[in-house]
Amino acid sequence: LNISSLEQLNLEGNNIGDVGAIELFGSLKTNTYLKKLNLSKNKLTNACTPALSEMLMKNDTLEELYLYMNVIQSEGAITLFNGLKKNNSIRVLDLSWNTIGANERGLGKAFFELFSTNNSLVHCDFSFNKISYQTTEQAAKGLEENHTIYGLHWLGNEGYIDTEGFLIPSKRFGPEYITLHPTISKPRIDGFKCVINPKHYDKATPKENCWIDRKSTRLNSSH
């Protein structure tokens, strides 16, 4: 696969696995063309995240990264965040429908450090990861120090985004709510917009207060 001059690469649903992903990340460390990479639904696990983190530390061209519906857990998310803390190009990150809420040790601190230090992320989706109330608390504190994230999605975790754009720890729309509404769906992020599939949209889906959708200019109104 020659990706040397591609600007977008969509490999969603190709089951490339960790081995394929690691090889890809290695080739992207010095790539200066690719801006959008979609590796959703590829059975990626923690095993590929060190290579992903290393790539993010060296690549300053990639702007959008989609990892929707893989099986990355807390340890892998922390490794990924370490790479993002040293990256200045990623603006869109989709990590929804993974399992980063599993074995959460250190995840709250990692979220705090990511949100409080990264100055490039604008639109992020961490929905449906079973992230705990305690981790959400720490993530919210980090978000208060962030000046660039305009759109954040947290449905399916123990927290929600209020109408002012603040991340509020709560069990209201967490895993138990999702269990009671098994057909629930939500828009997927795509760049600086959210895309709804009307065939799979469930009216039980709570409204998400994403300020990018509302065409606002600030997530946290206190900044």
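Residues are numbered from 1 along each chain as its sequence is written. As the model is predicted, local features need pLDDT of at least 70 and side-chain atom pairs count only at pLDDT 80 or more, while totals for chains, interfaces and linings use all residues; side-chain values use heavy atoms, with hydrogens and water left out.

The nonpolar cores come first. A nonpolar core is a set of buried Ala, Val, Leu, Ile, Met, Phe, Trp, Tyr and Cys residues joined through side-chain atoms within 4.5 Å. Buried means under 20% relative accessible area, exposed means over 50%, and partly exposed lies in between (1.4 Å probe, protein chains only). The largest such core holds 44 residues. Those with the most contacts inside it are Leu37, Phe81, Phe111, Phe115, Phe126, Leu152 and Trp154. Two or more residues come from each of the elements α1 (17-28), α2 (49-58), α3 (74-84), α4 and α5 (133-143). Helices (H or I, at least four residues) and strands (E, at least two) are DSSP runs, numbered from the N terminus. Helix α4 gives the most to this core, with five residues. A separate core has seven residues, among them Tyr66, Ile189, Cys210 and Ile212.

Leu37 was examined for its contacts, meaning heavy atoms within 4.5 Å. Residues up to four places away in sequence were not counted. Leu37 touches Leu9, Leu24, Phe25, Leu28, Leu62, Glu64, Leu65 and Tyr66.

In α3, the buried residues are Ser74, Gly76, Ala77, Leu80, Phe81, Gly83 and Leu84. Their cover includes α2, β4 (92-94) and α4. In α4, the buried residues are Leu107, Gly108, Ala110, Phe111, Leu114 and Phe115. These span an arc of only 160 degrees around the axis, which puts them on the same side of α4. The arc is that of the directions from the helix axis to the C-beta atoms. An α-helix has 3.6 residues a turn, so residues three or four places apart point the same way. The cover over the buried residues of α4 includes α3, α5 and β6 (151-153).

With a relative accessible area of 5%, Asn118 is buried. Its side chain reaches the backbone nitrogen of Leu121 at 2.8 Å. Neighbours within four places in sequence aside, Asn118 contacts Leu84, Asn87, Glu113, Asn146 and Thr148.

Salt bridges were assigned next. A salt bridge is a side-chain nitrogen of Lys or Arg within 4 Å of a carboxyl oxygen of Asp or Glu. The count comes to seven salt bridges. Side chains of opposite charge can pair when their charged atoms come close. Arg188 lies in strand β9 (residues 188-190) and Glu12 in the loop between β1 (8-10) and α1, so the pair ties together parts that are 176 residues apart in sequence. Arg188 is partly exposed, at 25% relative accessibility. Glu12 is also partly exposed, at 25%. Glu12, Lys41 and Arg188 are linked in a network of salt bridges.

Another salt bridge pairs Glu54 with Lys58, at 3.3 Å from N to O. The two residues are four apart in helix α2, and about one helical turn separates them. Glu54 is partly exposed, with 33% relative accessibility. Lys193 and Asp190 also meet in a salt bridge, at 3.5 Å from N to O. Lys193 is partly exposed, with a relative accessible area of 43%. Asp190 is partly exposed too, at 24%.

Cysteines were checked for disulfides, each defined as a pair of cysteine sulfur atoms within 2.5 Å. The structure holds zero disulfides. Cys124 is buried, with a relative accessible area of 0%. Cys194 is buried as well, at 16%.

Finally, Gly20 is placed in helix α1. Gly20 is partly exposed, with a relative accessible area of 26%. Gly20 and Cys48 lie 28 residues apart in sequence and 9.1 Å apart in space, C-alpha to C-alpha.

Note on methods. Polar contact = N/O pair within 3.5 Å; in protein donor to acceptor, adjacent residues only side chain to side chain.
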